[in-house]
Amino acid sequence: MVGTAYRSPGPNAATFIEVGSKVPQGQTLLIIEAMKTFNPIKATKAGTVGQVLIDNGQPVEFGQPLMIVE
C-alpha cells in the first residue's frame, strides 16, 4: 500500500509496538494513511518484533518491508 506510515494512533499517543514487543496474530502494528483513509496493518503471525524498518510519518511504497516479526 502506498501512503504515510504511522507507528501510533495519534500525534501524542504511544506507539502500537516497540522492538521486543510480543504480538499476537491480528494485532495492529501500525497504520498507513492513504488519501485521508487510515488503514491498520495487522500482524499476520504471532511473534516478537525484531526490527522496525520505518520512521513515524515516513512515506511507504508497495512491497516495502516495514518491520520484522520473528
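Lys36 is exposed, at 73% relative accessibility; here buried means under 20% relative accessible area, exposed over 50%, and partly exposed in between, with a 1.4 Å probe and protein chains only. This is a predicted model, in which local features need pLDDT of at least 70 and side-chain atom pairs count only at pLDDT 80 or more, while totals for chains, interfaces and linings use all residues. Residues are numbered from 1 along each chain as its sequence is written, and side-chain values use heavy atoms, with hydrogens and water left out.

Lys36 sits in the loop between E3 and E4. Strands (E, at least two residues) are DSSP runs numbered from the N terminus, as are helices (H or I, at least four). Met35 is in the loop between E3 and strand E4 (37-42), and Met35 is also exposed, with a relative accessible area of 79%. Most residues other than glycine have a negative phi. Phi of Lys36, however, is positive, near 65°, and phi of Met35 is positive as well, near 55°. The hairpin of E3 and E4 has two residues between its strands.

E3 and E4 run antiparallel and are joined by six bridges; two strands count as paired if DSSP finds at least two bridges between them. The open sheet has four strands in the order E4-E3-E1-E6, with antiparallel pairing. Its edges are E4 and strand E6 (58-60), each of which pairs on one side only. On average, neighbouring strands of this sheet are turned by 35° against each other, direction ignored; the axes are lines fitted to C-alpha atoms, for helices over the stretch in contact, and angles run from 0 to 180 degrees between N-to-C directions. At the E6 side, three bridges join E1 to E6, which run antiparallel, and Thr4 has Pro59 in E6 as its bridge partner.

The next topic is the nonpolar core, a set of buried Ala, Val, Leu, Ile, Met, Phe, Trp, Tyr and Cys residues joined through side-chain atoms within 4.5 Å. The largest one has 14 residues, of which Ile17, Val23, Leu29, Leu30 and Ile54 touch the most other members. Strand E3 (28-34), strand E5 (47-52) and strand E7 (67-69) each supply at least two residues of this core, and the largest share, three residues, comes from E3. Contact means heavy atoms within 4.5 Å. Leaving aside neighbours within four places in sequence, the contacts of Ile17 include Val23, Leu29, Val49, Met67 and also Arg7.

Arg7 in turn forms a salt bridge with Glu18, the closest N and O atoms being 3.7 Å apart. The term covers a side-chain nitrogen of Lys or Arg within 4 Å of a carboxyl oxygen of Asp or Glu. A search of the whole structure finds one such bridge. Both partners lie in the loop between strand E1 (3-6) and strand E2 (22-23), 11 residues apart. Arg7 is buried, at 15% relative accessible area, whereas Glu18 is partly exposed, at 41%.

Ser8 is found in that loop between E1 and E2 too, and counts as buried at 9% relative accessibility. A polar atom of the Ser8 side chain lies 2.9 Å from the backbone oxygen of Gly10. Not counting residues up to four places away in sequence, Ser8 touches Ala13, Ala14, Thr15, Phe16, Ile31 and Asn56.

Key. Polar contact = N/O pair within 3.5 Å; in protein donor to acceptor, adjacent residues only side chain to side chain.
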